[in-house]
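Subject: Structure handover and notes

Hello,

Here is the structure for you to look over. My notes follow below it.

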Amino acid sequence: MYTHSCKIRVRYGETDQMGYVYYGNYAEYYEVGRVEMLRSLGMDYVGMENSGVMMPVLELNCKYIKPALYDQELTIKTTIENLPGVRIHFKYEVFNPAEELINIGSTTLVFVDMEKNKPCQPPQNFMDRLKVHFN
């Protein structure tokens, strides 16, 4: 299992009339968690796409427990529980500054060969960097 945490501050434009983070923004928060997790492994989307592999989202799940508010610094904990094949599954936990769990979610992405436009196995360099966390 590999877990990574990062922080994001809620911007005013991400809130609704009630002062809560608008529900659609959680998908973007999950993306921040994924991108920062990849960076922590020495990888990024640009490098993967330059190697001919993209990672579109196949599925998104989101459960709201408590609201996030303007200017709060949220912690996004992103976890990969199993080594990926053609698909990779990410789990997310979002915590407020009091370290209360306020949101849980998951996404499933697919590795796609950009030239063939078909699902493929993850790039070997990605797997090599990830495997060390599963021994």
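With which residue does Glu-73 form a salt bridge? The partner is Arg-9, and the closest N and O atoms are 3.9 Å apart. Keep in mind that this is a predicted model.

**Salt bridges**

The Glu-73 and Arg-9 pair links distant parts of the chain. Glu-73 sits in strand S4, Arg-9 in strand S1, and 64 residues separate them. Glu-73 is partly exposed, at 35% relative accessibility. Arg-9 is partly exposed as well, with a relative accessible area of 42%.

Arg-9 also meets the side chain of Asp-71 in a salt bridge, at 3.7 Å from N to O. Asp-71 lies in the loop between S3 and S4 and Arg-9 in strand S1, so this pair ties together parts that are 62 residues apart in sequence. Asp-71 has a relative accessible area of 40%, which makes it partly exposed. Together, Arg-9, Asp-71 and Glu-73 are linked in a network of salt bridges.

Another pair is Lys-66 with Glu-100, where the closest N and O atoms are 3.0 Å apart. Lys-66 is in the loop between S3 and S4, and Glu-100 is in the loop between S5 and S6, so the pair ties together parts 34 residues apart in sequence. Lys-66 is partly exposed at 36% relative accessibility. Glu-100 is partly exposed too, with a relative accessible area of 32%. The count of salt bridges comes to 7.

**Strand S4 and its partners**

S4 is largely enclosed by the rest of the structure, because 6 of its 8 residues are buried. S1 and S4 run antiparallel and are joined by 8 bridges. Within S4, Leu-74 stands opposite Ile-8. S4 and S5 also run antiparallel, with 5 bridges between them. Thr-79 has Lys-91 in S5 as its bridge partner. The hairpin from S4 to S5 passes through 6 residues.

**Helix H3**

H3 covers residues 124-131, and Phe-126, Met-127 and Leu-130 are buried there. Why do they count as being on the same side of H3? They cover an arc of only 95° around the axis, which puts them on the same side. An α-helix has 3.6 residues a turn, so residues three or four places apart point the same way. The cover over the buried residues of H3 includes strands S1, S4 and S5 and helices H1 and H2.

Ser-106 is in strand S6, residues 101-110. Ser-106 is buried, with a relative accessible area of 11%. Leaving aside neighbours within four places in sequence, its contacts include Tyr-30, Glu-59, Asn-61, His-89 and Tyr-92.

Leu-58 belongs to strand S3, residues 57-64. At 47% relative accessibility, Leu-58 is partly exposed. Not counting residues up to four places away in sequence, Leu-58 touches Arg-87, Thr-108, Leu-109 and Val-110. Leu-58 and Val-110 are 52 residues apart in sequence, yet 6.5 Å apart in space, C-alpha to C-alpha.

**Surface**

Met-18, Tyr-20 and Leu-69 make a nonpolar surface patch of about 290 Å². Met-18 is in the loop between S1 and H1. Its relative accessibility is 59%, so Met-18 counts as exposed.

Best regards

Notes:
Residues are numbered from 1 along each chain as its sequence is written. This is a predicted model: local features need pLDDT of at least 70, side-chain atom pairs count only at pLDDT 80 or more; totals for chains, interfaces and linings use all residues. Side-chain values use heavy atoms; hydrogens and water are left out. Buried means under 20% relative accessible area, exposed over 50%, partly exposed in between (1.4 Å probe, protein chains only). Helices (H or I, at least four residues) and strands (E, at least two) are DSSP runs, numbered from the N terminus. The arc is that of the directions from the helix axis to the C-beta atoms. Contact means heavy atoms within 4.5 Å. Patches are made of residues with over 30% relative accessible area and no salt bridge: like charges are joined within 9 Å, nonpolar side chains (Val, Leu, Ile, Met, Phe, Trp, Tyr) within 5 Å. Accessible areas come from the Shrake-Rupley method with a 1.4 Å probe; for residues, only the protein chains shown count as cover. A salt bridge is a side-chain nitrogen of Lys or Arg within 4 Å of a carboxyl oxygen of Asp or Glu. Two strands pair if DSSP finds at least two bridges between them.
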